[in-house]
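Please read them with the structure open.

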Amino acid sequence: MNKFSRIGFIFAAAGSAVGLGNIWKFPYITGEYGGGAFVLVYLLCIVFIGLVVFIAESYLGQASEANVSSTFIKMSKTKNPNWKYAGFMVFAGLFILAFYSVVLGWILNYIIVSFGNLPNSAQAAGNSFNTLISEKIGLQILLHSIVALITIFIVLKGVKDGIEKINLILMPLLGVIMFGLLAYALTLDSFSKSIEFMFRADWSKIDENALLAALGQAFFTLSLGIGTIMTYSASLPQKNNFVKSSLYVAIVDTTIAIVAGLIIFSFLFAAGAKSSAGPGLVFISLPVIFEQWGTLGNIIAVAFFSALLFAGITSAVSMIEPVLMLFIERFNMTRKKAVAICGSIFYIFGIIALLSMSSSYKESLTFFGKNAFDWMDFLTSSISMPIAAIITCIFLGFFVDKEKIKNKFTQHVPVAIFNIWYVLVKYIVPLAVTILLLNKLGIIK
Ligand code: ILE
């Protein structure tokens, strides 16, 4: 099998983790939940839950060197073939990719728009965003098709020549753009206000919804529960320290999320705009601010939306790869055939997602008060990702030989670190995630 280089793995895993979740979602949910306290809760979720599950997935992948289904069978004490069903988690990635590709299409549109005239009022910006999603079906299908083709083109080339290469190019570029935007944000008077907003905790804003949002975001941003980290780690050379790599990826991911937040809130506060605009924050609030900055605003807008696109593309490839590997290894498919099948599935569901927001098809594609786009998001990020994480933790805690895990860990880290991780993975994380999940489903209060 084609292995990543060590640095290639870190770039690819960080490329997967850093995505729309960091630059689009994290700032707007932080804004909705009032800033500082939410950021702190989020950081705790990253360290005590996200990182723990990340290390778990990375261990399983590296130890098994196989696709997700085979990993569960191979690593279980009894080699029980029924564990293959745990491999279903990879399909969640495909459904996330469906609506993710639609959003990346919007971003592509905003890159193009940013070269010309940006909207000069919040109303104009809101109108143009709403017209895009509710009226311009043809344009959205075209944009979604371009994103789908780019994704397919990269994964067709495989792990080393496709995924590793694109990450080694796009991740440094993303880093440079984010650094440039941060440098500009630092020159604004509103930067200190942005710091204060993100780091001064107002605990009154934290309720169970905030907790759930922070936990969900921790899973989403680290690409957990969809088999991505397991699959990428299966291509991590055996001698590499998977605990250290996991830590690096979590640090890069968190840093980019915080930096994105600081940049966006500096921009918003500079213009006196609200921080709680929701999902439209980067599509509606920011373009109006960029417009006020003239040509410099156009340059910043192009840079900002390009950063989002680059971050998103490296995540997109990571959502399809686990399914490809499963199809290739378990059904003996060629990569081409696997790509054709998986590509068609996410492409078609992407079209359903975008139609479900259009004024013409909204009604027929809305079920129980949620449109297809929101259903795909809800069923994956809120349901399937946490369930997959619970299964992974319980599997490691109760169905895998402890000594075997310990041996691998202690090749890289002191036994004390292993012990802490093991208790977290076996009891604390599955319990915490189960309680939060049941609470979200309204089963317990
Ligand atoms: N982690 C990425 C993000 O934050 C994707 C989530 C892969 C599924 O956008």
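1. A cavity here is a set of grid points where a 1.4 Å probe fits but cannot get out. A volume is the space filled by probe spheres set on such points. Keep in mind that this is a predicted model.

2. The structure holds one cavity of 30 Å³ or more. The volume of the largest cavity is about 100 Å³. Its lining is made up of 16 residues. Nearest the centre of the cavity lie Ser-16, Tyr-100, Phe-220, Ser-223 and Met-319.

3. Which elements give two or more residues to the lining of the largest cavity? They are helix H1 (6-17), helix H2 (20-32), helix H5 (89-114), helix H10 (208-221) and helix H14 (294-330). By class, this lining has eight nonpolar and eight polar residues. Charged residues are absent from it.

4. Next, the open spaces. The largest pocket has a volume of about 1,000 Å³. It is lined by 43 residues, and Lys-25, Tyr-28, Asp-377, Ser-382 and Lys-440 are the closest to its centre. The lining counts 25 nonpolar, ten polar and eight charged residues.

5. Which helix gives the most to the lining of the largest pocket? H10 does, with nine residues. Elements that each supply at least two residues of this lining include H2, H5, helix H6 (122-134) and strand S2 (370-371). H16 and helix H18 (415-440) also each supply at least two.

6. The second largest pocket holds about 290 Å³ of space. Of its 13 lining residues, Leu-51, Ile-55, Val-243, Ile-417 and Trp-421 are the closest to its centre. H3, helix H12 (242-270) and H18 each supply at least two residues of the lining. H3 has the largest share, five residues. Twelve of the lining residues are nonpolar, one is charged and none is polar.

7. Now the helix pair. Helix H3 (residues 36-64) and helix H16 (residues 372-399) have axes that come within 10 Å. The axes cross at roughly 65°, and the crossing is left-handed. From H3, the contact uses Val-53, Ala-56, Glu-57, Tyr-59 and Leu-60. From H16, Ala-389, Thr-392, Cys-393, Phe-395 and Leu-396 take part. By class, the residues of this contact are eight nonpolar, one polar and one charged.

8. To look at on screen: H10 in the linings of both the largest cavity and the largest pocket, and H3 in both the lining of the second largest pocket and the contact with H16.

Note on methods:
Residues are numbered from 1 along each chain as its sequence is written. This is a predicted model: local features need pLDDT of at least 70, side-chain atom pairs count only at pLDDT 80 or more; totals for chains, interfaces and linings use all residues. Side-chain values use heavy atoms; hydrogens and water are left out. On a 1 Å grid over the protein atoms alone, a cavity is a set of points where a 1.4 Å probe fits but cannot get out, and a pocket is an open set with protein on both sides within 12 Å along at least five of seven lines; lining residues have an atom within 4 Å of a point. Helices (H or I, at least four residues) and strands (E, at least two) are DSSP runs, numbered from the N terminus. Ala, Val, Leu, Ile, Met, Phe, Trp, Tyr, Cys and Pro count as nonpolar, Asp, Glu, Lys and Arg as charged, and the others, Gly among them, as polar. Axes are lines fitted to C-alpha atoms, for helices over the stretch in contact, and angles run from 0 to 180 degrees between N-to-C directions. A crossing is left-handed if the near helix is turned anticlockwise from the far one by less than a right angle, and right-handed if clockwise. Contact means heavy atoms within 4.5 Å.
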